[in-house]
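Here's a quick tour for anyone meeting this structure for the first time. Have a look at it, then read on.

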Amino acid sequence: FTGAWSQHSASHSMGCLALAAGVDEASLYHQDGLLIACFGVQPDALARLWRTHGPRACAALSGHFGFALLDERRGEALLAVDRCATRPMFYQMAGRSLLFAGSSEALATHPGAGRELDPQAVFDYLYLHAVHGPRTMFAGQRRLAPGECLHLHGGRVERIRYWRMRYTEHAVDPTPHTELVDALTCALDPGAAPAQAGLMFGGGAAGTLLACLLQRAGEAPLRTYAVGFGSGSSLASARTAARGIGSLHREEVIDAGDLADALALLARSGDAPCGDPGAVAMLFAAQMAREDGLSHLHGGFGAAQLFGRGRRYASLAQANGYERLPGALRQLLIEPLLFGPCARLALFERLRTRIEESMAPPLARLRRRNALLAHGTANVFEPAFLELVLQPQPLRGRRHMRELGADPAGVDPAELGEDVAQ
């Protein structure tokens with residue numbers, strides 16, 4: 001909800017850029033053969049970094065940003081998104097031309113892009129409840145991953161990962177609270193004034209911590225918003241937590257009709273379908289925040305899953321308990337009993353299934369609970385459609401990670417080495 005939008009455009013011999021953005025939200029720069037459209041970064045500073053470091057300039061940037069840069073003198077171009085891809089960037093090859101836009105729908109409106117749906121993307125959405133990059137819903141379109149840029153040089157395009165998330169194992173800190181609070185405080189967006197920012201609030205531990213930090217950072221009371229479905233009984237914890245932190249709290253209870261209207265609105269406004277129920281709640285919370293005159297809405301989704309606190313992850317941890325039993329007990333008593341002459345008994349069959357599940361890799365256990373596979377792909381899709389897509393196979397190692405969308409480095413071979421006109 002950025003308010004009024006302004007439109008600008010500029011061009012030179014290498015290409016053209018058109019920019020539509022809120023007031024003071026983005027910049028269009030055209031000087032010395034350099035054409036830049038950027039969000040979240042000063043164009044003068046970006047121009048200096050580009051002239052000094054080329055595509056490595058992205059690594060020197062931080063915070064929220066996204067930009068497209070065309071250098072007429074070098075005959076090069078650079079598209080980039082920040083480390084969380086908060087400003088998405090979509091691109092497509094059309095013959096020897098590189099097309100790009102900040103949204104999939106905008107790119108699809110170009111005459112050279114086309115609007116043909118990608119069958120694999122449709123299948124992936126029903127399998128994963130999301131269309132994982134670099135693929136999009138439109139055939140031929142690709143999007144940049146977080147921490148990635150696209151460099152056009154020498155008549156070729158190259159995807160470059162300028163930053164990667166690194167996971168470093170440390171000894172468990174018995175009192176990590178101070179470090180965690182400091183990290184979250186630094187992560188809060190300094191550009192969003194507390195008086196103009198609200199919070200989508202569920203009353204959980206992560207949301208309550210975020211609410212306290214926002215409340216502490218602002219002078220005015222924080223505004224919090226909660227959305228419930230049906231009876232609204234799930235709002236009690238949010239109401240209690242909001243009362244405890246002293247926020248200005250609003251609630252809304254939606255029904256099946258509201259949900260149907262929200263799905264239609266989300267489908268029209270999103271670049272790709274989203275199977276996350278939280279998107280519906282966020283939509284209604286954003287509408288309440290806009291009614292209150294706010295321009296930003298924070299959220300604390302996914303914290304429980306990151307720390308393995310969700311119900312699904314708790315069940316995976318319980319399944320791992322079998323592996324912690326003494327090896328002699330498992331091999332000499334339990335497994336001969338369950339996999340031997342008594343294996344056909346109904347009680348032992350259930351236990352055997354649980355043990356087989358516990359011995360499978362965690363991601364394989366998640367796949368066994370996949371709704372599409374449970375229904376059977378042949379019962380959902382026409383045979384002619386299934387001939388057009390790659391279906392999930394027995395997965396091992398990194399191949400399993402890639403199919404679950406956890407390996408952002410997976411790039412279609414056809415994407416690399418494309419010849420484009422300068």
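Predicted model: local features only at pLDDT ≥ 70, side-chain atom pairs only at ≥ 80, totals over all residues.

## A greasy patch

A quick definition to start: a residue is called buried under 20% relative accessible area, exposed over 50%, and partly exposed in between. Leucine 325 has a relative accessible area of 32%, so it counts as partly exposed. You'll find leucine 325 in the loop between helix H10 (311-319) and helix H11 (327-339). Together, Leu325, Leu329 and Leu333 make a nonpolar surface patch of about 230 Å².

The protein chain has a mean pLDDT of 80, with 81% of its residues at 70 or more. Among its elements, strand E6 (residues 76-81) has the highest mean, 96, while helix H17 (residues 397-403) has the lowest, 37. Across residues 394-422 the pLDDT is below 50, and this stretch has 61 contacts in the model beyond near neighbours in sequence.

## Salt bridges

The count of salt bridges comes to 10. One of them pairs arginine 87 with glutamate 25, with the closest N and O atoms 2.9 Å apart. These partners sit 62 residues apart, arginine 87 in the loop between E6 and strand E7 (90-94) and glutamate 25 in the loop between strand E2 (15-22) and strand E3 (26-31).

Is the pair formed by arginine 159 and glutamate 148, with its closest N and O atoms 2.6 Å apart, buried or exposed? Arginine 159 is buried at 11% relative accessibility, and glutamate 148 is buried too, at 4%.

Methods
Residues numbered from 1 in each chain as written. Heavy atoms only, no water. Patch = residues over 30% accessible without salt bridge, like charges linked within 9 Å, V, L, I, M, F, W, Y side chains within 5 Å. Areas by Shrake-Rupley, 256 points an atom, 1.4 Å probe, with all protein chains shown as cover. Salt bridge = Lys/Arg side-chain N within 4 Å of Asp/Glu carboxyl O. Helix = DSSP H or I, 4+ residues; strand = E, 2+ residues; numbered from the N terminus. Buried < 20%, exposed > 50% of the residue type's maximum accessible area, 1.4 Å probe, protein only. pLDDT = per-residue confidence, 0-100. Contact = heavy atoms within 4.5 Å.
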